[in-house]
Amino acid sequence: MLCLKNKNTVRAIGIVTSDYYFDTSFKGLAEFHHTRKVNWILQGISFDIYALNNNINLTQKTCYKIDRFTWNDLAESLENQGYSLDSQSISNSTKGSNNHILIIDEINRGNISRIFGELITLLEPDKRKDGTDAREVILPYSKKKFSVPSNLYVLGTMNTADKSLAQLDFALRRRFDFIELLPKPELLDDIEVYGVPVSKILTIMNQRIEVLLDREHTIGHSYFWSLKDLETGKDRESELGNIFKRRIIPLLQEYFFSDWERIGWVLNDPAKDFEDRFIQTEKINPTMNQLFPSEVLSQITADRRYYINADAFTTPKAYQRILHLDAATGEE
């Protein structure tokens with residue numbers, strides 16, 4: 001905050017330390033009841049700000065934002081004119097400031113070393129502003145000094161199933177803590193569709209995926225999160241069908257490289273009646289005998305054809321028997 005002496009001179013510099021409040025205890029003009037607390041770190045100065053403000057005069061409004069220079073620019077200009085900011089006062093003023101979070105989604109999809117460059121070093125706690133070994137870098141385009149404040153938290157998300165992507169740079173690994181976030185089916189405990197808890201469907205499918213692939217390919221609970229917003233059973237049944245048709249089966253297709261037999265295993269299709277299976281690989285017309293002569297049939301080891309049974313997406317047993325190992329008895 002800059003307090004003006006005239007249109008190009010500043011007489012005090014402070015940091016606002018509170019939100020707005022109406023102070024009726026102040027004795028004076030009514031407009032001064034509108035208040036915010038300020039920690040004045042420089043007072044009684046005559047600081048020429050004209051050049052720093054791109055040779056533009058300031059106007060003595062009550063309050064307005066100046067975006068022609070940064071705090072670092074101000075500190076450098078003050079120093080050039082013989083003034084020095086009290087770093088301890090600045091530190092005390094900013095201690096109560098809110099924390100800020102920067103979220104970088106799919107952080108492993110970029111070339112981290114080239115994106116961050118020298119800024120990687122500034123992420124370390126002791127290299128941040130006011131740290132024990134505080135550092136600054138010169139930004140390549142603006143040529144201005146830059147440092148990372150201590151109240152900035154950087155969160156990066158990544159899908160460890162993306163094996164086609166390059167491994168994270170070791171320089172980045174050393175500067176981040178890694179937290180594994182596994183699916184939480186229990187967050188779906190309050191959702192039932194066709195009389196089956198959705199949390200149980202997700203749990204058993206993930207257990208099968210973990211056996212057939214690994215735990216890094218398990219399906220997240222967020223795939224079913226849209227069911228929480230629906231109130232009627234009919235809407236949930238329709239949405240569950242959409243989830244399996246447009247999200248779950250395409251995801252499994254990618255996981256298993258279109259090995260439809262294994263996809264059927266995850267969905268427990270072999271234990272279902274034929275009409276209740278999501279993936280149908282039998283009773284496909286025309287038959288093999290109708291397609292190939294006998295000399296060709298002897299060289300074909302398996303019929304690789306399949307099709308997705310669209311009726312299964314609206315069939316209760318297709319979902320109920322994802323849990324059941326025996327189609328006849330319904331036992332798990």
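Biologist: Which residues does Phe224 contact, leaving aside neighbours within four places in sequence?
Modeller: This is a predicted model. Contact here means heavy atoms within 4.5 Å. With neighbours within four places in sequence left aside, the partners of Phe224 are Leu188, Ile191, Val198, Leu202, Met205, Leu240, Ile243, Phe244 and Ile248.

Biologist: Which element gives the largest share of the largest nonpolar core?
Modeller: That core has 34 residues, and Met205, Phe224, Phe244, Leu252, Leu267 and Phe278 touch the most other members. Two or more residues come from each of α6, α7, α8 and α11. The largest share, eight residues, is that of α7.

Biologist: How many residues are in the other core, which lies apart from this one?
Modeller: Among the members of this other core are Val10, Ile15, Ile41 and Leu78. The number of residues in it is 14.

Biologist: Against which elements do the buried residues of α6 pack?
Modeller: Helix α6 has 15 residues and spans 21 Å from its first C-alpha to its last, close to the 21 Å expected at 1.5 Å a residue. Its buried residues are Val198, Ser199, Ile201, Leu202, Met205, Asn206, Arg208 and Ile209. An α-helix has 3.6 residues a turn, so residues three or four places apart point the same way. The buried residues of α6 pack against β10, β11 (196-197), α7, α8 and α11.

Biologist: Is Ser77 buried or exposed?
Modeller: Ser77 belongs to helix α1 (residues 71-80). Not counting residues up to four places away in sequence, Ser77 touches Phe47 and Leu52. Buried means under 20% relative accessible area. Because the value for Ser77 is 14%, Ser77 counts as buried.

Biologist: How many salt bridges does a search of the whole structure find?
Modeller: Side chains of opposite charge can pair when their charged atoms come close. The cut-off used is a side-chain nitrogen of Lys or Arg within 4 Å of a carboxyl oxygen of Asp or Glu. Over the whole structure, the number of salt bridges found is 13.

Biologist: How many residues apart in sequence are the parts tied together by Arg215 and Glu180?
Modeller: The side chains of Arg215 and Glu180 form a salt bridge, at 3.2 Å from N to O. Arg215 is in the loop between α6 (198-212) and α7 (233-255), and Glu180 is in the loop between α5 (170-173) and β10 (192-193), so the pair ties together parts separated in sequence by 35 residues.

Biologist: What is the distance between the closest N and O atoms of Arg262 and Asp259?
Modeller: Arg262 is partly exposed at 29% relative accessibility. Asp259 is partly exposed, with a relative accessible area of 29%. The two form a salt bridge, and their closest N and O atoms are apart by 3.6 Å.

Biologist: Is Arg321 buried or exposed?
Modeller: Arg321 and Asp273 meet in a salt bridge at 3.1 Å, N to O. Arg321 is in the segment after α11 (316-320) and Asp273 in the loop between α8 (260-266) and β12 (279-280), so the pair ties together parts 48 residues apart in sequence. Asp273 is partly exposed at 31% relative accessibility. With a relative accessible area of 13%, Arg321 is buried.

Methods
Residues are numbered from 1 along each chain as its sequence is written. This is a predicted model: local features need pLDDT of at least 70, side-chain atom pairs count only at pLDDT 80 or more; totals for chains, interfaces and linings use all residues. Side-chain values use heavy atoms; hydrogens and water are left out. Helices (H or I, at least four residues) and strands (E, at least two) are DSSP runs, numbered from the N terminus. Buried means under 20% relative accessible area, exposed over 50%, partly exposed in between (1.4 Å probe, protein chains only). A nonpolar core is a set of buried Ala, Val, Leu, Ile, Met, Phe, Trp, Tyr and Cys residues joined through side-chain atoms within 4.5 Å. The expected span of a helix is 1.5 Å times one less than its number of residues.
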